Amino acid sequence: MDSVAIVAVVMALGVLVSEWTTRHSLSLPIVFVLAGWLLGSHVLDWIDLSLQTEVIKEFTELTLAFLLFADASTLREKRVLREAGLEGRLLAIGLPLTIALGGLLAYVMFPDENLGLVLLIGAALAPTDAALGLPIFTNPNIPHRIRQSLNVESGLNDGIATPFVMLFIAMAVSEEFSSEGGWLSDAASEIAIGVTVGIVIGSIGGWLVKQAISKRLTNLQMGQIAFFSLSIAAFFGSKELGGNGFIAAFVAGLFCGTVMKDLASETSEFTEIAGTGASLFVWAVFGATVLPVALDEAFSWKALGFAVLALTIMRMLPVALAMTGTGLRKDTLAIMGWFGPRGLASVVFLFTAIVVFEGDGDVPSTLIGAMGLTIGLSVLLHGVTASPFGRWYGARIGAAGDDIPETVDSELKA
């Protein structure tokens, strides 16, 4: 049977028992990473997936584009700014500090590597993924303000980190293979084209969808399909013009949301479901292709040490610094710092870097080892700790009373 067909069958079976596995601290990413690893060439050898296969490559990239577009489209910018607190701090202060500290830690652990590569590792591992710690975000005992802040951060930091990742990929490849100059201008051009395409498609497309629904030229269900199509148009349109598809999808989502306002949250539902479903396939690809290499050929104690630092200091210190002056409790800072899982965005960034490196030569084992182990540990540790840590934290907050910053009502009227 075809490898993709086998993975599709596993996907169908996995989601059918998803409630049961979640109750037993087995998140869907854990299930599908393990499935990919077991079915892959390193164990049962039932499936043969390669990141160089054009269909696999495009599918994994498009998955992130769907989620970037959907997340950005539902951002109410004034809400984040008026919150004037946690989300803004996490994105404006915490994220840049995380990228910088990640690059510094990578440089300390891998001093022989080029500057571009260590910066790439830091930037690609900065975005977080709420799906890996879902019980935290659905636990009603955890203050809404904390859950919302982490959720908004997770939805936006991958898009914000994308330009840095693409810039550092170009820099790393140039340094690794002693290429001639021009990488900076090429990367800047890709980013600029991506932004331009995103603005055009998001603005015009969002206006057309809104007008069609409001004037009853179509219904909401068909509007969701049109909305979904805009994400594809932004991604592939930008790539065709020599731009970056991820940036185009994210910017298009931002402008769609600006034009469509509250209607964007209704029309984005299908895109979010499509992205979430596709992400399960990406996790299986990660388990079948990257994780075995990270655990074998690319494994080193330095890479493992970096993974531990990446999941602790790299995230926790910037979060603590970003929250200075908010009055949040220490256990809140610990929860916010720990639940910054490295998920889908980091996987796709790693896949993208691998494909680019393989196009010019060999992929640095440090890249696969450091990022593969970090992501793999994150899937496991954040998945199994989300429920018990959520219960522990919820009980502590419940016993603390209402007169604490965490329980301040952060609900804002549109």
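In the predicted model, the lining of the largest pocket comprises 21 nonpolar, 16 polar and nine charged residues. The volume of the largest pocket is about 1200 Å³. Its lining is made up of 46 residues, and those nearest the centre are D129, A130, A131, N151 and T276. The greatest contribution to this lining comes from helix 9 (residues 144–176), which supplies eight residues.

The second largest pocket has a volume of about 570 Å³. It is lined by 24 residues, with M166, I169, E190, N244 and V356 closest to its centre. Two or more lining residues are given by each of helix 4 (54–73), helix 9, helix 10 (183–214), helix 11 (220–240), helix 12 (245–260) and helix 18 (344–360). By class, eleven residues of this lining are nonpolar, seven are polar and six are charged.

Two cavities of 30 Å³ or more were found in a search of the whole structure. The largest cavity holds about 40 Å³ of space and is lined by L51, K57, T60, E61, F351, T352 and V355. Helix 4 and helix 18 are the elements that give two or more residues to this lining. The lining of the largest cavity divides into three nonpolar, two polar and two charged residues.

In the second largest cavity, the space amounts to about 30 Å³. Its lining consists of V7, V10, F32, A35, G36, L39, I47 and A284. The elements contributing two or more residues are helix 1 (3–16) and helix 3 (28–39), and helix 3 gives the most, with four residues. Seven residues of the lining of the second largest cavity are nonpolar and one is polar, with no charged residue.

Helix 16 (residues 313–322) packs with helix 17 (residues 330–338) at an angle of about 135°, and the axes of the two helices lie 8 Å apart. Because angles over 145 degrees count as roughly antiparallel and 65 to 115 as roughly perpendicular, helix 16 and helix 17 are oblique to each other. Their crossing is right-handed. On the side of helix 16, the contact involves R315, M316 and V319, which meet L333, A334, M336, G337 and W338 of helix 17. By class, this contact between helix 16 and helix 17 has six nonpolar residues, one polar residue and one charged residue.

How values were computed: Residues are numbered from 1 along each chain as its sequence is written. This is a predicted model: local features need pLDDT of at least 70, side-chain atom pairs count only at pLDDT 80 or more; totals for chains, interfaces and linings use all residues. Side-chain values use heavy atoms; hydrogens and water are left out. Axes are lines fitted to C-alpha atoms, for helices over the stretch in contact, and angles run from 0 to 180 degrees between N-to-C directions. Angles under 35 degrees count as roughly parallel, over 145 as roughly antiparallel, 65 to 115 as roughly perpendicular and the rest as oblique. A crossing is left-handed if the near helix is turned anticlockwise from the far one by less than a right angle, and right-handed if clockwise. Contact means heavy atoms within 4.5 Å. Ala, Val, Leu, Ile, Met, Phe, Trp, Tyr, Cys and Pro count as nonpolar, Asp, Glu, Lys and Arg as charged, and the others, Gly among them, as polar. On a 1 Å grid over the protein atoms alone, a cavity is a set of points where a 1.4 Å probe fits but cannot get out, and a pocket is an open set with protein on both sides within 12 Å along at least five of seven lines; lining residues have an atom within 4 Å of a point. Grid points are joined across faces, edges and corners, and a volume is the space filled by probe spheres set on the points.
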